[in-house]
Amino acid sequence: MTKMLTVDTNPIDCYLRVDRIPHIWCAACGIGPATGCFVRAIDRAGLNPDKVSVVSGIGCSGRVAGYIKLDSFHTTHGRALPFATGLKLANPELTVAVFSGDGDIAAIGGNHLIHSARRNIDMTVICINNFNYGMTGGQMGPTTPLDARSTTSPYGNYEYPFNLPYLVAASGATYVARWTVLHLRELERSIAEALTKPGFSFIEVLSPCPTVYGRLNKLPRGLDEMHSYQERSIIRDGADPRDVELSQSGPIVVGKFVDIERPTLWDCYQQILDRASKPKKR
Amino acid sequence: MPKDDVLCGEFFMNGDTACAEGAISAGCRFFAGYPITPATEVAERMSERLPQIGGVFIQMEDEIASMNAVLGASWAGVKAMTATSGPGFSLMMENIGLGVMLETPCVVANVQRAGPSTGLPTLVAQGDMMQARWGSHGHYEIIALVPDSPQEMFDLTVLAFNLSEQYRVPVLLMADEAVGHMSEKVVIPQINSKELVNRPRPKVAPEKYLPYDSRKGLVPPMAVAGEGYRFHVTGLTHDDRGYPVMTAEAQDKLIRRLVDKIRLNIKDITKYEEVKIDDAEVVVVSYGISARIARYAVQKAREEGIKAGLLRLITVWPFADDRIRKLASAVKAFLVPEINYGQMVREVERCVAGKAKVRLISHMGGGVHLPETILEAIREEAR
């Protein structure tokens, strides 16, 4: 006779607002596994959770902040990065992570993305890329592959998408990686590395969205897109970000693409503080 | 705060500079902004002063980012502000709403220029008064102050910080180009730390902390990031735990509190100055640079034996409803000179409710009223 195995708590429960579970994400969505990687990465990195803040924008991935039991901010659409910038500069002791979606970070918040990377502010961005706007029902966005279907590209998307690793690397990010939610161990390790690395770190996480994107693009079941990741992914650490462009059916290059050293915004600001004299008596 | 952080003494400075010094005196140590005429001098002064005293100045990529950086800094426990003018104020609107929803203390200075759109970038107007009240979507209550001199740019910036901390709401300093660019004597006092207000702070253990606990008052205690409270805040309609709740009941409870925490404290918040009001038959209701001209016109009218008075609005939002209502039954006419085509005059009309005549004296912007224009209107209404 089988006996029910009851598990009261999970080791990562202390990082989650378990009183808010079940979450809002659809079955087979990749945001949940990525969130799990994130909290395990905080644990792995040995950070004091009291000093870690999570900032999100709007959208399915924007809801991550609400499930993480850290100081967490669910802000406006596209604006997680500047909000996080204020938080980090006003208290540089905080470890600040921005967890948001591709539309939030690369479309409405695209300007903030390139400027945050340019400043090399010490911050980790986890960008869930599910190739569309999931929460509003599956519209095309700046990461939707050419020819992919969405509710606002019913005949196929006629715009070229961003290659996000190339965009942020060119803008000045010092740590750039891409994984899919099939690569959970690599993703967790990568997030832990990014969280402890000074400077602007950006991790793109490809995630299935079977409910809307998948359904419109011949990947209707939850596992279809995971199978596609399995078949198409190539791990290539150190790949030139300009060569990692995504397409609807081409290879998915994953790995750590950039890991360089450059003074952070706060390092540079310290020099200014030293230079500024005390107020002159007038 | 170290004493030498604040420049004390008498200075000849412009209004924008006085605003920056007021912020520093109030304890502001974070400024995020974007260049825009005629508010740029606030940012310039802050970029010079904040690094001297260990604060943070950052020029953001736009006004949307500036407003968000200010909110983020406030949630890290630092008093924060930004300064802008019309086009930037428009861009800030959505996140002023976020500031209201998260109940984030901060100050936004709008040194008004003529609009709409790019308008007259270097010339005065008072066209954003209703935008200050209603510019962000949804129903909310806000506090807005209007300085009429460089001295008040200083004084009201200090007051703005105090009110924002006390009520946990963004406070708007609705200056105008004339006051911002005018240079006059500004006296910077040594402000006693007791005169500075700090946001209510939680007194309970982290596991008992509720970010929007209103059981002991309409303004909940505010934890900040990094203290171990591990709180969640959201722009979604939320309950006292800060968790999203998508019901009409939660909306009702939240919006009533956000509005009532201001509305029920109008007596404490709303300030105005009265000049020769007691026996006045004609009352000029004005604010900012327009009030300075009105003051002169009222003085001239008195010299002619006309019973004229001035009600100068210092706090425009929430509006001085009770004062205007009370005056309405004793006054023949209200004159409202403002540099727009009729904004605050609507509030005066609402409160007067037909009991006296209300007359707008409009100027479309790019200049100020002539004292004679207001004086002539006073004479006409006194006849």
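Which strand of chain A is the place of T124(A)? T124(A) sits in strand 4 (residues 123-129) of chain A.

## Ground rules

This is a predicted model, where local features need pLDDT of at least 70, side-chain atom pairs count only at pLDDT 80 or more, and totals for chains, interfaces and linings use all residues. Residues are numbered from 1 along each chain as its sequence is written, while chains are lettered from A and ligands numbered from 1 in the order in which they are written.

Helices (H or I, at least four residues) and strands (E, at least two) are DSSP runs, numbered from the N terminus.

## Around T124(A)

Back to T124(A): this residue is buried, with 28 other C-beta atoms within 10 Å. Here buried means 20 or more other C-beta atoms within 10 Å of the residue's own, exposed means 12 or fewer, and partly exposed is in between, with C-beta atoms placed from the backbone.

Leaving aside neighbours within four places in sequence, T124(A) is in contact with A97(A), A194(A), L195(A) and S201(A). Two residues count as in contact if their C-beta atoms, placed from the backbone, lie within 7 Å. T124(A) and I191(A) are 67 residues apart along the chain, with 8.0 Å between their C-alpha atoms.

An open sheet of nine strands has the order 7(A)-8(A)-5(A)-6(A)-4(A)-3(A)-1(A)-2(A)-10(B), with mixed pairing. Its edge strands are strand 7 (233-235) of chain A and strand 10 of chain B, each pairing on one side only. Neighbouring strands here are turned by 20° against each other on average, direction ignored. Axes are lines fitted to C-alpha atoms, for helices over the stretch in contact, and angles run from 0 to 180 degrees between N-to-C directions.

Two strands pair if DSSP finds at least two bridges between them. Strand 2 of chain A and strand 10 (residues 232-234) of chain B pair in the parallel sense over three bridges, with S72(A) opposite H232(B). Elsewhere in chain A, strand 5 (residues 175-180) and strand 8 (residues 252-259) pair in the antiparallel sense over four bridges. There, K256(A) is the bridge partner of A177(A).

## The contact between the chains

Chain A puts 36 residues into the contact and chain B puts in 41. On the chain A side, strand 2 (71-74), helix 2 (80-90), helix 4 (110-119) and helix 9 (265-275) each supply at least two residues. Helix 2 of chain A gives the most, with eight residues. By type, the side of chain A that touches chain B divides into 14 nonpolar, 13 polar and nine charged residues.

Helix 4 of chain A has H112(A), L113(A), S116(A), A117(A) and R119(A) as its buried residues. They cover an arc of only 160° around the axis, which puts them on the same side of helix 4 of chain A; the arc is that of the directions from the helix axis to the C-beta atoms. Just after this helix, N120(A) takes a positive phi of about 55°.

## The five-stranded sheet of chain B

Chain B also has an open sheet of five strands, ordered 11-13-12-15-16 with mixed pairing. Strand 11 (272-275) and strand 16 (357-362) of chain B stand at the edges with a single partner strand each, so one side of each is left without a neighbour in the sheet. Strand 11 runs antiparallel to strand 13 (residues 308-313) of chain B, joined by four bridges, and Y272(B) stands opposite L313(B).

Helix 10 (residues 288-303) of chain B packs on the sheet, touching strand 11, strand 12 (282-286), strand 13 and strand 15 (333-338), and its direction makes about 165° with that of strand 13. Helix 12 (residues 344-352) of chain B lies across strand 12, strand 15 and strand 16, running at about 165° to strand 15.

S362(B) is found in strand 16 of chain B. With 15 C-beta neighbours inside 10 Å, S362(B) counts as partly exposed. Leaving aside neighbours within four places in sequence, S362(B) is in contact with E338(B), N340(B), Y341(B) and G342(B). S362(B) and N340(B) are 22 residues apart in sequence and 5.8 Å apart in space, C-alpha to C-alpha.

Note on methods: Nonpolar A, V, L, I, M, F, W, Y, C, P; charged D, E, K, R; others polar.
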